[in-house]
Amino acid sequence: MKRLVLWIMTLSLLMAACTAPHEGQQYLPELVAEGDFSEALYQALSDDWAAYDAMSEEEKMCSSHLPGWCSREFDEWEAVEQFVGLTIPNPLEELELLEKGTYVGMPLGFMNAPRFSVAWYGTREGHVEWVLINSGYRCGDIRVCLETALYSDSPESKSRERGWSVEHQRLDYLEEREGDKAVITTDGDSAYDTYMATLARGYALYTIHVIGEPGTREELYPVLEQLLPTFEEIPVS
């Protein structure tokens, strides 16, 4: 009888192990391997450090530019993917509910702002720590902004003291996530109301911002409810 009970317990543990997410399936953004970004992105990082190293000490002290912090602007999502070097799903690009806007969710043509902004940080040795892609859309007067973050380093090696908002975003998600569900928060001040939803799919940690004027919060959540399923359909790592 004891052997039977032990066998049943062992079988239960094995079944639980088979149905539980594996190490690479914890609903975390999959890490980008060293060298997997495009040559153009690595070259731009190298050029940025070279320009910094060519400056005099006085010029470095007066400069407001942080070496290794780079950015580029694009008007097509395909151009973003080509420059980054990865295929990155963006369901909002073809969603009929939305109009395309600038990367901060303003109407196209506003202050000549681009549709997409790509920022990244890397070391002098050429290691890219993260890439952040910003894109924007409109739903009537409601702004929809999408942040797509890619990481090359494990979160265990990171600290909030580094000050990168890109790292804070990931650490907050890791603390609050429940399985593959999006982490939804709300925020606002005298300038705006907003809902945010963060979820990981593939290489990307997506954060959707739905933003409206003060007093419009009740109008924002229904929009977010229509957007989230398009991201939840993307396969989980």
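Predicted model: local features only at pLDDT ≥ 70, side-chain atom pairs only at ≥ 80, totals over all residues.
**Entry 1**

Two strands pair if DSSP finds at least two bridges between them.

Strand 4 covers residues 128-139 and pairs with strand 3 in the antiparallel sense over seven bridges. These two strands form a hairpin with five residues between them, and in the turn I found Gly126 with a positive phi of about 95°. Strand 1, residues 69-74, is also antiparallel to strand 3, with six bridges. On that side I picked out Ser71, which stands opposite Ala119 of strand 3.

How many residues of strand 3 are buried? I counted seven of seven for residues 116-122; buried means under 20% relative accessible area, exposed over 50%, and partly exposed in between, with a 1.4 Å probe and protein chains only. Phe116, Val118, Trp120 and Gly122 point one way, Ser117, Ala119 and Tyr121 the other way, and all are buried.

**Entry 1: aromatic rings**

Next I looked up the rings. I took Phe, Tyr and Trp (its six-membered ring) as paired if their centres lie within 6.5 Å, with planes under 30 degrees apart counted as stacked, over 60 as edge-to-face and the rest as tilted. The structure holds eight aromatic pairs. One of them is Trp77 with Phe116, an edge-to-face pair at 5.4 Å centre to centre, with 65° between the planes. Trp77 sits in helix 4 (residues 77-84) and Phe116 in strand 3, so this pair ties together parts that are 39 residues apart in sequence. Both Trp77 and Phe116 are buried. I also wrote down one aromatic cluster, made of Phe74, Phe83 and Trp120.

Which residues other than glycine have a positive phi here? I found Met111, with phi near 55°, and Asn112, also near 55°. Met111 is in the loop between strand 2 (99-100) and strand 3, and Asn112 lies in that loop too. Met111 is exposed, at 70% relative accessible area, and Asn112 is exposed at 74%.

**Entry 2: the second largest pocket**

I moved on to open space. Rolling a probe the size of a water molecule over the atoms shows where empty space is left. On a 1 Å grid over the protein atoms alone, a pocket is an open set of points with protein on both sides within 12 Å along at least five of seven lines, whereas a cavity is a set where a 1.4 Å probe fits but cannot get out; lining residues have an atom within 4 Å of a point.

The second largest pocket has a volume of about 260 Å³, which is the space filled by probe spheres set on grid points joined across faces, edges and corners. I found 15 residues in its lining, with Gln169, Asp172, Met196, Thr198 and Thr207 nearest its centre. Which element gives the most to the lining? Helix 5 does, with seven residues. At least two residues each come from helix 5 (165-176), strand 6 (183-188), strand 7 (193-201) and strand 8 (204-212). By type, I noted five nonpolar, seven polar and three charged residues. Here Ala, Val, Leu, Ile, Met, Phe, Trp, Tyr, Cys and Pro count as nonpolar, Asp, Glu, Lys and Arg as charged, and the others, Gly among them, as polar.

In strand 7 I also checked Thr194. Thr194 is buried, with a relative accessible area of 4%, and its side chain reaches the backbone oxygen of Val210 at 3.1 Å.

**Entry 3: the whole chain**

Last, I stepped back. The protein chain has six helices and eight strands, and 43% of its 237 residues count as buried. Ala50, in helix 2 (residues 39-53), counts as partly exposed at 43% relative accessibility. Ala50 and Arg124 are 74 residues apart in sequence, yet 8.6 Å apart in space, C-alpha to C-alpha.

Note on methods
Residues numbered from 1 in each chain as written. Heavy atoms only, no water. Helix = DSSP H or I, 4+ residues; strand = E, 2+ residues; numbered from the N terminus. Polar contact = N/O pair within 3.5 Å; in protein donor to acceptor, adjacent residues only side chain to side chain.
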